[in-house]
Amino acid sequence: RPCHLSAFHHRLNGRRKSVAMSSSVLRGSSLRMAPFTARPAKASGASRARVVTVEANKRVSKRTKVILTKTHEGIGEEGEIRNVPLGYWRNFLKPSGVAKIADDSILEAIRKKKEDEIRAKLELKAQAKAFSQALSTIGKFSIKKKVGDKDQIFGSVSVKDVADAIYQQTGKQIQEADIKIPDIKSVGTYECTAKLHKDVTATFSVVIVKDKSLTIKGKK
């Protein structure tokens, strides 16, 4: 029996040492944990579709220059050049006959036409200035009218009378709508104007004189 007790105590002491060593190891060691990294969530089908759409919208659409052969509301007037999407040209402008491709030959013709138009406008303006100078040089245009006792004219002086007086002395006709005259009721000198060009207005005088052969005597 003493032998059995001795063996029991020996095994118990061994277990105590084993437990003590395990506790020592646990106290002396540190637990190392790998850093946590969140994994990106997979994009859903709708998200992927949005990404594709955005990328597609970033692409520059093909465009082409066209010249309008007809005036079309929302696009422009006949003869104007527009830079439009190629698909719009193919699907609408070309089938409807609203425009045609503005190739180099067409662009060159348009450039020449614009130059000719500018040259013609400058020429018209120069002619208007020259005629305005001629009217100023002549200075006065006479118109004969029937006159009463106190130099009051019979009837009135119209723009047609003024236009005719200018034509008789210059040989050039001015549109009546372009002539401005004051209210004339008696003989005398009056200042008038004529719009010869959008940038040129001529100033001249009209002299109303008594037509002695047509003098009307007032009632006594």
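Ala126 is located in helix H4, where helices (H or I, at least four residues) and strands (E, at least two) are DSSP runs numbered from the N terminus. The structure is a predicted model, in which local features require pLDDT of at least 70 and side-chain atom pairs count only at pLDDT 80 or more, while totals for chains, interfaces and linings use all residues. Residues are numbered from 1 along each chain as its sequence is written, and side-chain values use heavy atoms, with hydrogens and water left out.

Ala126 has a relative accessibility of 40% and therefore counts as partly exposed; this class lies between buried (under 20% relative accessible area) and exposed (over 50%), with a 1.4 Å probe and protein chains only. The C-alpha atoms of Ala126 and His197 are 9.6 Å apart, although 71 residues separate the two in sequence. Helix H4, which spans residues 104–138, also contains Ser132. Ser132 is buried, because its relative accessible area is 13%. Beyond its neighbours within four places in sequence, Ser132 makes contact (heavy atoms within 4.5 Å) with Leu196, Val200, Thr201 and Ala202.

Strand S6 comprises residues 188–197 and pairs with S5 in the antiparallel sense over two bridges; pairing requires that DSSP finds at least two bridges between two strands. Within S6, Thr193 stands opposite Lys180. S6 is also antiparallel to strand S7 (residues 200–210), to which nine bridges join it. A hairpin of two residues connects S6 to S7, and Glu191 has Ser205 in S7 as its bridge partner.

Over the whole chain, five helices and seven strands are present, arranged along the sequence as α-α-β-β-α-β-α-β-α-β-β-β. Of the 220 residues, 20% count as buried. Among contacts with a separation of 6 or more, 47% involve residues 24 or more positions apart. The accessible surface amounts to about 17400 Å², and carbon and sulfur atoms contribute 55% of this area, as computed by the Shrake-Rupley method with a 1.4 Å probe.

The mean pLDDT of the chain, on a scale of predictor confidence in each residue from 0 to 100, is 78, and 69% of the residues reach 70 or more.
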